Amino acid sequence: MKRSHQLVSSALLALAAMGCPALKAQAQAASPARLQIGVLTSLTGSMAAPGVFQMNGFRLAVEEINGSGGLAIAGRTYTLELKVYDTRANPSEGASAMQRLATVDKVPVVLGELSSGVAAAIAPIAQDYSLPLVLTVPTGPNLTEQNNPFLFRVNAHNNQLNQALADFVSKQGWAPISFIAWNNDAGRGGVTGMRQLLPAATKDGYVGYFNVGELDFSSHVSNVRNSRAQAVMLFMDEEPGSLAIRQLRDAGLKTQIVGTLAMGSDRFLKRLDAQRLDGMVQYNAFPPNADTPRIRNFSQRYKAKYGEEAHGFAAQSYDGLMVAVAAMRAAGTVNHGKAIRDALAKIKHEGVIGNIQFDAKGQAHPSVYVTQWCADGTRRILYPESAKAGCGAG
């Protein structure tokens with residue numbers, strides 16, 4: 001049967017080549033075309049670990065689309081492929097790769113990135129070439145403040161994340177609060193934004209910064225102790241976060257720890273242990289064990305494919321690709337960037353992270369949660385009140 005199908009498709013293509021329009025259309029329908037979607041992410045370097053989650057989300061989306069018959073647009077069916085370039089979280093490498101995607105690969109849309117610095121470097125290129133760019137992880141607030149009509153972001157930015165966390169923290173009565181953060185735009189911006197949102201009484205703790213690659217947090221631990229902080233906020237990702245938490249707890253500090261979404265997954269638990277994490281809270285974009293159908297269904301599919309708990313970066317990236325596909329379908333084209341851009345601006349998509357609809361700046365407004373580690377190594381949902389659930393739900 002497979003051999004017969006191949007012969008029929010070959011015959012249709014041969015006749016189409018002789019100029020018969022009807023047979024040409026039939027041949028195209030019988031033989032799906034390849035459609036490459038551009039991806040920029042970190043496959044190597046300092047951000048390779050979160051890059052895995054981002055790629056997992058993209059790949060799962062592509063697999064499900066192709067498995068359901070592909071993308072059908074204007075009477076033609078396409079099989080999706082990812083054209084991936086490794087930026088290594090380097091803005092110049094990201095800009096070079098973006099230029100190639102626009103001029104050589106000629107993809108209809110680009111997805112990514114991880115680093116806000118890289119995203120800032122590639123966004124003007126997207127605008128120059130009328131190439132829609134859908135961000136799924138970077139959190140720099142300024143990215144959607146540049147009046148760039150071709151830039152869209154499905155994930156919450158730092159101000160949105162901080163607002164949710166500040167709403168929760170301000171009700172806990174922790175004072176003073178100390179901060180340990182990366183000595184870069186993300187870290188300093190996170191501290192500045194949070195201190196502006198918190199009540200004045202909570203702002204008089206220690207504030208310390210560290211450079212990427214530093215392993216010794218002993219001076220920060222001493223300063224947190226001396227500040228008599230009731231809570232310490234960590235603005236960093238999972239690798240330095242695990243080191244800082246280990247050193248805080250091993251020094252005997254019982255201070256409440258507040259982390260980022262990178263510190264709220266089973267993957268992070270493997271870096272430490274339940275005893276050190278017990279009671280720690282963190283903002284979270286996607287509590288993978290929540291008993292919500294869209295979250296539960298995605299988490300089950302993700303675990304079946306990758307053998308591990310779903311991650312927020314993967315969920316956001318899955319939604320990013322699905323939104324791009326929905327926009328191409330609504331625009332009725334895979335090669336007209338402005339039409340795809342216009343469709344993205346109007347999109348209303350029910351994703352696994354919630355409803356995705358972009359505001360006038362290209363920014364979506366997904367739900368943000370606060371989860372807490374339990375003594376048994378599971379997590380509970382503390383915020384918002386409407387989603388509050390016990391251990392095992394986070």
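Let's start at asparagine 147, which is exposed because its relative accessible area is 71% (exposed means over 50%, buried under 20% and partly exposed in between, with a 1.4 Å probe and protein chains only). Everything here comes from a predicted model, in which local features need pLDDT of at least 70 and side-chain atom pairs count only at pLDDT 80 or more, while totals for chains, interfaces and linings use all residues. Residues are numbered from 1 along each chain as its sequence is written, and side-chain values use heavy atoms, with hydrogens and water left out.

**Overall build**

- The protein chain holds 14 helices and 15 strands; helices (H or I, at least four residues) and strands (E, at least two) are DSSP runs numbered from the N terminus.
- Its C-alpha trace spans about 85 × 40 × 35 Å along the principal axes.
- The radius of gyration of the protein chain is 23 Å, which agrees with the value near 21 Å that a compact globule of 394 residues would have; this radius is taken over C-alpha atoms, and the globule rule is 2.2 Å times the number of residues to the power 0.38.
- Of the 394 residues, 53% are buried.
- Among contacts between residues at least 6 apart in sequence, 65% join residues at least 24 apart, where contact means heavy atoms within 4.5 Å.

**Nonpolar cores**

- The largest nonpolar core has 78 residues, and those with the most contacts inside it are Met233, Phe298, Leu321, Met328 and Phe358. Such a core is a set of buried Ala, Val, Leu, Ile, Met, Phe, Trp, Tyr and Cys residues joined through side-chain atoms within 4.5 Å.
- Helix α13 (residues 312-331) gives the most to this core, with 12 residues.
- A second, separate core has 24 residues, including Phe217, Val224, Leu253 and Ile257.
- Leaving out residues up to four places away in sequence, phenylalanine 358 touches Phe152, Arg153, Val154, Val323, Leu344, Ala345, Ile347, Gln363 and Ala364.
- Serine 317 also lies in helix α13, and it counts as buried because its relative accessible area is 0%.
- Beyond its neighbours within four places in sequence, serine 317 is in contact with Gln54, Gly57, Phe58, Thr136 and Val137.

**Pockets**

- The largest pocket has a volume of about 1300 Å³. On a 1 Å grid over the protein atoms alone, a pocket is an open set of points where a 1.4 Å probe fits, with protein on both sides within 12 Å along at least five of seven lines; lining residues have an atom within 4 Å of a point. Grid points are joined across faces, edges and corners, and a volume is the space filled by probe spheres set on the points.
- Of the 50 residues lining the largest pocket, Met47, Leu114, Trp182, Asn184 and Ala186 are the closest to its centre.
- Elements giving two or more residues to this lining are α3 (48-67), α5 (116-128), α6 (158-169), α7 (185-197), α9 (238-250) and α10 (266-271); the largest share, 5 residues, comes from α7.
- By class, the lining of the largest pocket has 26 nonpolar, 17 polar and 7 charged residues. Here Ala, Val, Leu, Ile, Met, Phe, Trp, Tyr, Cys and Pro count as nonpolar, Asp, Glu, Lys and Arg as charged, and the others, Gly among them, as polar.
- The second largest pocket has a volume of about 180 Å³ and is lined by Arg249, Gly252, Leu253, Lys254, Asp273, Gln275, Arg276 and Asp278.
- The lining of the second largest pocket has 1 nonpolar, 2 polar and 5 charged residues.

**Backbone features worth a look**

- Most residues other than glycine have a negative phi, and most peptide bonds are trans.
- Asparagine 147 is not a glycine, yet has a positive phi of about 55 degrees; it sits in the loop between β5 and β6 (151-153).
- Serine 130 has a positive phi too, near 50 degrees, and belongs to the loop between α5 and β5 (133-135). With a relative accessible area of 21%, serine 130 is partly exposed.
- The peptide bond from glycine 112 to glutamate 113 is cis, with omega near -15 degrees; glutamate 113 lies in the loop between β4 (110-112) and α5.
- A cis bond with omega near 0 degrees runs from tyrosine 383 to proline 384, and proline 384 is in the segment after β15 (379-383).

**An exposed loop residue**

- Alanine 360 lies in the loop between β13 (354-356) and β14 (369-373), and it counts as exposed because its relative accessibility is 86%.
- Alanine 360 and proline 149 are 211 residues apart in sequence, with their C-alpha atoms 8.6 Å apart in space.
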